[in-house]
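Please open the model in a viewer and keep the selection tool at hand.

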Amino acid sequence: MTDTATGPGMGGDSHKADVMGYLKKHMREYGILIALVVIMAFFQIATGGILLKPVNLTNLILQNSYIVIMAIGMLLVIVAGHIDLSVGSVMGFVGAVAAVMIVNWGIPWPIAGLLCLGVGAVIGMAQGFWVAYYRIPSFIVTLAGMLVFKGLTLALLEGQSVGPFPPAFRLIASGFIADPFGVDGFNMLSLLIGIAVASGLLFMAVRTRRQHEAAGVEDEPFAFFAAKNGLIFAALVWMAFLMADFRGLPNVFIVMALLIGIYSFITSKTTIGRRIYAIGGNEKAAALSGINSQRLTFLTFANMGLLAGLAGIVFAARLNTATPKAGLGFELDVIAAVFIGGASMSGGVGTVVGAVIGAFIMGVMNNGMSILGIGIDWQQCIKGLVLLAAVIFDVMNKKKG
Amino acid sequence: MANILEMRGITKEFPGVKALDQVTFEVEEGEIHALCGENGAGKSTLMKVLSGVYPHGSYSGDIVYDGKVQSFGSIRDSEEIGIIIIHQELALIPLLSIAENIFLGNERATRGIIDWHETNRRAGELLERVGLGREHPETLVDDLGLGKQQLVEIAKALSKNVRLLILDEPTSSLNEQDSEKLLELMLEFKAKGITSILISHKLNEVSKVADSITVLRDGAAVARIDCKGGVSEDEIIRDMVGRSLDDRYPPKTDHSLAETAMEVRNWTVHHPLHADRKVVDNVSFHVRKGEVLGIAGLMGAGRTELAMSLFGHSWGRGISGEVEIDGRPAEMKTVRQAINAGLAYATEDRKGYGLVLDDTIRRNVPLAKLEKISNGLVVDSHREAEVAETYRKRLNIKSSSIEQETVNLSGGNQQKVVLSKWLFADPDVLILDEPTRGIDVGAKYEIYCVIRELAAAGKAVIVISSEMPELLGVTDRLYVMNEGRFVGEMPTAEASQERIMATIIKSAGDRT
């Protein structure tokens with residue numbers, strides 16, 4: 001994708017060819033977004049419009065929130081050149097700890113919640129310690145962690161489900177943001193937030209483009225830029241409208257959106273983010289450039305633990321109970337989401353937004369196939385094939401480039 | 001004698017690039033034929049066409065071998081009739097034995113069961129033929145030096161009944177002694193009737209062994225030189241670059257009276273695995289501001305280890321000694337401290353240790369000093385682009401833009417990106433380890449110019465190189481290193497290849 005002779009900032013003669021050429025060149029970046037749109041369109045039609053009904057859209061987000069949250073952490077782990085197989089178990093364990101603290105011991109839920117996040121982070125640190133400072137392969141450390149925390153969850157809950165939680169705690173996962181405007185049956189604040197976020201993104205995109213143009217490094221055709229950002233703007237506002245029409249934006253959605261924003265920023269704009277990509281891309285070169293790869297690896301795992309803890313709280317709050325089976329196999333969905341989102345197995349490549357889109361591709365397929373009444377057996381098969389197809393597509397594209 | 005190989009009118013295109021344009025390439029049976037050209041001239045592409053890496057049909061033109069038109073579908077087809085290529089990057093598997101490597105894919109086996117006795121016996125014979133008779137066939141390849149590994153590759157080629165042996169930059173990672181040995185081996189093979197094609201940047205080697213030379217430039221064969229009457233290196237260079245390089249090295253400036261930039265005293269480093277082995281033994285030296293200092297020595301003398309151990313203890317353990325930079329003691333236990341103290345080290349292994357290959361030029365250049373383009377946390381992407389563009393222009397990095405991934409750059413341009421990274425870090429003392437390994441004449445000259453520019457700006461530059469002409473051409477003063485010790489020091493003006501070699505040999509004699 002680099003051999004093209006077009007210089008930076010030069011406009012081509014034919015605009016149409018430019019857009020197609022650009023799209024081809026950047027197929028890896030946009031392919032995944034296009035795939036999500038296509039899959040959504042397919043299920044929207046196949047389910048006779050149920051997929052994008054406000055109630056289902058809201059459900060879709062609630063159902064996938066914990067996968068998305070963990071996929072963000074996993075993206076960093078995978079970009080750094082590692083893997084974390086323990087996240088499902090850790091998530092279940094933290095949910096169990098939350099239940100024991102809140103239900104059995106009566107600790108106020110805000111304190112318990114914070115403690116649980118701490119537990120997640122400490123677990124991440126414990127695993128990251130061995131990976132970073134003793135160079136034990138992350139696959140093995142976290143495989144061990146997966147078994148350990150699965151076991152500890154069972155032990156902690158004594159094989160029983162523990163619940164229910166106080167209503168305030170449940171609101172984390174099932175509540176919606178309050179609406180101060182009081183329009184009947186319509187959450188105006190949600191719509192306003194949606195419009196504000198969409199406008200903010202548009203503003204940032206325009207500003208970045210201006211900067212690039214000033215520096216003469218812009219190669220995205222204007223028509224493409226306009227269409228892309230116009231569509232994103234419209235889609236965001238429309239989704240906000242749909243959800244506002246139901247009960248408004250879920251609390252979890254706000255948490256998720258904040259995390260996506262923060263971690264996108266960290267990965268793309270900060271020195272820490274830049275260094276994580278460097279150690280994943282070539283750890284030796286990074287080390288010889290003065291980058292403390294051990295500490296960064298450690299932090300990456302600590303962060304993963306923290307987010308797994310958060311996912312555990314959200315999941316427990318959503319089910320209103322902690323069960324020994326919570327989180328079972330979730331690590332696979334999370335890892336699949338990150339790879340569908342374009343991350344590379346060998347590290348150094350991947351984006352937060354890609355991972356989130358990957359998670360939603362899995363989510364939309366789960367949701368859509370369930371609506372269609374496809375059994376869990378075939379759902380698994382289809383999801384597996386989609387994962388394989390996504391990675392094949394990615395590899396082929398890279399080769400062509 | 002008749003031609004064993006004729007490649008006629010070979011044209012090979014990649015999307016947007018014509019890599020080979022109507023190339024005609026003829027090799028006589030039993031000769032050593034050198035293929036010369038700058039990086040990107042098409043040498044490797046031509047050899048890939050010949051060996052079937054690019055199968056018949058993906059290029060146009062004919063390959064006539066042994067009087068017959070050949071259409072290879074894969075490397076296997078070409079190997080079957082005796083065309084064996086040994087690539088620049090060795091294709092040995094480190095944790096398998098010599099014998100296992102030699103017969104990899106070609107195992108001595110009956111019905112899938114390997115005959116180890118036969119394997120090792122045959123391997124022993126082949127090792128004898130390449131002058132490695134003292135190595136046991138069951139030794140792991142990992143335990144051999146690079147020079148011996150190269151010979152194992154050749155033994156592997158011999159096991160396949162080679163008739164036409166293609167060596168792609170065989171000596172680029174070898175020291176002078178091993179290179180010498182390899183060239184002699186080529187002459188021996190020639191005496192036995194094996195034809196060889198030698199691809200090399202080292203023109204002294206080419207003029208030493210080649211019977212004839214084909215020069216490629218920009219995908220076309222521009223000259224065929226018969227060496228029987230002798231050939232001058234300048235003549236080859238003229239054909240390679242299409243102009244004469246009056247000076248292969250930029251002029252020097254005198255800084256012999258400047259103050260000391262870095263002083264190292266009693267530096268000792270132990271091997272990371274064998275704690276009792278001193279790899280660097282009580283070395284003391286200094287380098288002045290504005291001086292280009294050379295460190296000469298054979299492969300394995302401990303030069304890279306010295307440099308890396310100085311650079312934030314990146315290599316070895318049990319490190320002792322003192323370093324002063326600009327008259328102040330420098331604490332350099334981590335790479336970060338070393339960079340902050342004003343030291344930089346550009347590695348000899350640019351792919352392994354120098355670049356994040358999947359990343360763009362833009363992201364590689366500022367990596368060692370992200371602080372300079374950030375507020376401590378947030379990277380200013382605008383500044384980043386500016387910086388990368390500045391260095392891309394200044395070092396003439398041939399690329400489509402700063403957004404090009406470094407993996408797709410040629411060796412010389414990759415090296416320039418590594419250099420850019422360290423220039424951006426703005427060190428007082430810059431150590432360059434084999435700065436021109438495997439890169440072409442034009443790019444070499446550009447890198448030498450950068451080195452001299454740095455010196456002229458008052459920086460101290462230390463050049464580690466196995467190519468003695470390069471050290472003589474670009475440095476002001478030389479240390480000679482052997483077996484972990486500094487065994488000689490001389491102003492470059494008074495040095496010669498012979499004197500350096502004599503110093504090394506004498507020091508080795510002193511020890512025993």
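Select chain B: buried residues make up 49% of its 512 residues, where a residue counts as buried if 20 or more other C-beta atoms, placed from the backbone, lie within 10 Å of its own, as exposed if there are 12 or fewer, and as partly exposed in between. The model is predicted: local features need pLDDT of at least 70, side-chain atom pairs count only at pLDDT 80 or more, and totals for chains, interfaces and linings use all residues. Residues are numbered from 1 along each chain as its sequence is written, while chains are lettered from A and ligands numbered from 1 in the order in which they are written.

**Chain B as a whole**

Colour chain B by secondary structure to display 17 helices and 22 strands; these are DSSP runs numbered from the N terminus, helices being H or I of at least four residues and strands E of at least two. The radius of gyration of chain B is 24 Å, close to the 24 Å that the globule rule gives for 512 residues, so chain B is as compact as a globular protein of that length. That radius is taken over C-alpha atoms, and the rule is 2.2 Å times the number of residues to the power 0.38. The C-alpha trace of chain B spans about 70 × 55 × 50 Å along its principal axes. Of the contacts in chain B between residues at least 6 apart in sequence, 68% join residues at least 24 apart; a contact requires C-beta atoms, placed from the backbone, to lie within 7 Å.

**Where the chains meet**

Next, select the residues at which chains A and B touch. Chain B contributes 34 residues to this contact and chain A contributes 26. On the side of chain B, helices α10 (335–341), α11 (350–354) and α13 (381–394) each supply at least two residues. That side of chain B comprises 17 nonpolar, 11 polar and 6 charged residues. In this classification Ala, Val, Leu, Ile, Met, Phe, Trp, Tyr, Cys and Pro are nonpolar, Asp, Glu, Lys and Arg are charged, and the others, Gly among them, are polar.

**Chain A as a whole**

The principal-axis spans of its C-alpha trace are about 70 × 60 × 40 Å. Buried residues account for 43% of the 401 residues in chain A. Among contacts in chain A with a separation of 6 or more, 81% are between residues 24 or more positions apart.

Select residues 54–79 (α3) and 251–269 (α10) of chain A: the two helices pack at about 25 degrees, with their axes 10 Å apart. Axes are lines fitted to C-alpha atoms, for helices over the stretch in contact, and angles run from 0 to 180 degrees between N-to-C directions. α3(A) and α10(A) are therefore roughly parallel, the classes being roughly parallel under 35 degrees, roughly antiparallel over 145, roughly perpendicular from 65 to 115 and oblique for the rest. Show the side chains of the contact, including I61(A) and L62(A) of α3(A) and V252(A) and F253(A) of α10(A). The residues of this contact divide into 11 nonpolar, 1 polar and no charged.

Move to α4 (residues 87–104) and α6 (residues 138–157) of chain A, whose axes come within 8 Å and cross at roughly 25 degrees. That angle makes α4(A) roughly parallel to α6(A). Their crossing is left-handed. Among the residues in contact are F93(A) of α4(A) and F149(A) and K150(A) of α6(A). By class, this contact has 10 nonpolar, 4 polar and 1 charged residues.

Then select α14 (residues 330–340) and α15 (residues 352–371) of chain A, where the axes come within 7 Å and cross at roughly 120 degrees. That makes α14(A) oblique to α15(A). α14(A) passes α15(A) in a right-handed crossing. The contact includes D333(A) of α14(A) and M362(A) of α15(A). Its classes are 8 nonpolar, 1 polar and 1 charged.

**Last stop: K383(A)**

Centre the view on K383(A), in helix α16 (residues 376–400) of chain A. Is K383(A) buried, exposed or partly exposed? K383(A) is partly exposed, because 19 other C-beta atoms lie within 10 Å. Leaving aside neighbours within four places in sequence, K383(A) is in contact with M362(A) and M365(A). Finally, N366(A) is 17 residues from K383(A) in sequence and 8.3 Å away in space, C-alpha to C-alpha.

Definitions and conventions
Two residues are in contact if their C-beta atoms, placed from the backbone, lie within 7 Å. A crossing is left-handed if the near helix is turned anticlockwise from the far one by less than a right angle, and right-handed if clockwise.
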